[in-house]
Amino acid sequence: MTAGTSTAVVTLTRAEHDELRAVAQELAEFPPRRVDAPAWVLAARQRSCLLPLLLRETLREYRHDSGTDGVLLLRNLPIGTAIPPTPTIAGSVEREATVAAAVQVLLSLCVGEIGAFRAEKTGALVQNVVPVPGRERSQSNAGSVVLTMHVENAFHPARPDFVALLCLRADHENRAALLVAPIRPALAALPPPARRILAEPRFRTEPPPSFGGTGGGSEPHPVLCGSAEDPDIRVDFASTRPLDADAGAALAELETALAPVVRRLVLRPGELALVDNRLALHGRTAFIPRYDGRDRWLYRTFVFADGRRTRPFRSPGGYVLT
């Protein structure tokens with residue numbers, strides 16, 4: 001456990017690192033060596049049962065209950081020895097199977113089913129989170145200014161249950177931090193009237209810039225839903241709009257309550273953060289990209305705990321949601 005927080009941190013031993021690398025290397029070479037190929041994903045699902053026992057136990061327990069912070073940090077993961085230059089194009093994704101992509105998918109499949117959205121990065125299962133020239137001020141994964149706290153794809157009725165972020169390369173100054181704001185420790189600071197309003201369908205959310213202006217906005221929805229004592233959260237402070245003045249005041253109170261519980265994680269190469277997208281918002285601090293091939297580079301996958309919930313939005317056996 002990290003001192004002063006309840007964020008769970010697991011560091012693989014050398015033996016566990018080597019065991020995971022062997023499984024990932026075999027998977028990376030499995031035909032057709034394409035991350036989005038159904039046969040490759042099937043092979044990944046089967047091989048996810050071969051990961052080190054403690055790692056599988058940790059991921060299974062995290063899926064059961066993601067804890068107070070809703071975050072699990074895994075360290076000392078194999079990502080390969082020859083990391084290519086950081087991509088700089090908009091909508092960058094990973095199609096070719098590599099050791100790092102195999103690790104990303106294997107770990108994701110231990111938590112649930114992976115998926116993607118057709119309107120976002122062409123529906124690729126493994127997506128690059130990199131700064132893009134000209135997009136510095138964008139409120140998206142291509143930007144480098146402060147990324148506002150949000151639930152991933154809060155506008156969508158079948159948003160991911162978890163988001164997995166694997167660091168291949170840190171920023172030059174090692175200061176870009178993943179920010180996580182969990183609702184569980186913030187709930188007590190919310191006055192009862194605000195909690196009541198936030199649990200009512202008095203908000204709308206627009207799709208993020210990464211959807212290219214497509215996808216449409218949401219129907220009116222609550223920000224807090226499910227159990228009143230332990231609710232899920234659904235909000236994007238950059239694109240969720242209150243439908244009346246009282247709802248706006250409650251949204252402001254929520255943002256105030258979340259501020260003191262924000263966790264900062266500066267990811268290093270070979271570290272993967274799992275964020276429970278039902279219980280925690282995430283964002284990013286600002287950093288300065290150089291566009292020299294050595295900028296910050298994360299892999300991202302979306303994980304769904306229940307494949308049946310996404311079935312109305314995808315084809316039979318498919319992984320891409322509309």
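Let's start with two helices: helix 1 (residues 14-28) packs against helix 4 (residues 99-109) at an angle of about 105°, and their axes are 8 Å apart. Everything here comes from a predicted model, where local features need pLDDT of at least 70, side-chain atom pairs count only at pLDDT 80 or more, and totals for chains, interfaces and linings use all residues. Residues are numbered from 1 along each chain as its sequence is written, and side-chain values use heavy atoms, with hydrogens and water left out.

**The helix pair**

- Helix 1 and helix 4 are therefore roughly perpendicular to each other, a label that covers angles of 65 to 115 degrees.
- On the helix 1 side, the contact (heavy atoms within 4.5 Å) is made by Leu-20, Val-23, Ala-24, Gln-25, Leu-27 and Ala-28, and on the helix 4 side by Val-99, Ala-102, Val-103 and Leu-106.
- Sorted by class, that contact has nine nonpolar residues, one polar and no charged ones. Here Ala, Val, Leu, Ile, Met, Phe, Trp, Tyr, Cys and Pro count as nonpolar, Asp, Glu, Lys and Arg as charged, and the others, Gly among them, as polar.
- As for the terms, axes are lines fitted to C-alpha atoms, for helices over the stretch in contact, and angles run from 0 to 180 degrees between N-to-C directions. Helices (H or I, at least four residues) and strands (E, at least two) are DSSP runs, numbered from the N terminus.

**The cores**

- The largest nonpolar core has 46 residues, and Trp-40, Leu-59, Leu-77, Leu-107 and Leu-274 are those with the most contacts inside it. Such a core is a set of buried Ala, Val, Leu, Ile, Met, Phe, Trp, Tyr and Cys residues joined through side-chain atoms within 4.5 Å.
- Helix 4 supplies the largest share of this core, nine residues.
- A second, separate core has 28 residues, including Met-149, Leu-179, Ile-197 and Ala-247.
- Back to Trp-40: leaving aside neighbours within four places in sequence, its contacts include Leu-27, Ala-28, Pro-32, Ala-102 and Val-105.

- Four strands make an open sheet in the order 6-15-8-13, with antiparallel pairing; two strands pair if DSSP finds at least two bridges between them.
- Strand 6 (147-150) and strand 13 (263-265) are the edge strands, each pairing on one side only.
- From one strand to the next, the twist averages 20°.
- Inside that sheet, strand 8 (residues 178-182) and strand 15 (residues 280-284) pair over five bridges in the antiparallel sense, and Pro-182 has Ala-280 as its bridge partner.
- Strand 5 (residues 126-129) has Val-126 and Asn-128 pointing one way and Gln-127 and Val-129 the other, and all are buried. Buried means under 20% relative accessible area, exposed over 50%, and partly exposed in between (1.4 Å probe, protein chains only).
- Strand 5 runs antiparallel to strand 3 (residues 93-94), joined by two bridges, and antiparallel to strand 16, joined by three bridges.
- Gln-127 is the bridge partner of Val-93 and stands opposite Arg-300 in strand 16.

- The peptide bond from Pro-31 to Pro-32 is cis, with omega near 5°, and Pro-32 lies in the loop between helix 1 and helix 2 (38-47).
- Asn-174, in the loop between strand 7 (162-169) and strand 8, has a positive phi near 55° without being a glycine. Asn-174 is partly exposed, at a relative accessible area of 39%.
- Tyr-291 isn't a glycine either, yet has a positive phi of about 55°. Tyr-291 sits in the loop between strand 15 and strand 16 (297-304) and is partly exposed, at 27% relative accessible area.

Key: Angles under 35 degrees count as roughly parallel, over 145 as roughly antiparallel, 65 to 115 as roughly perpendicular and the rest as oblique.
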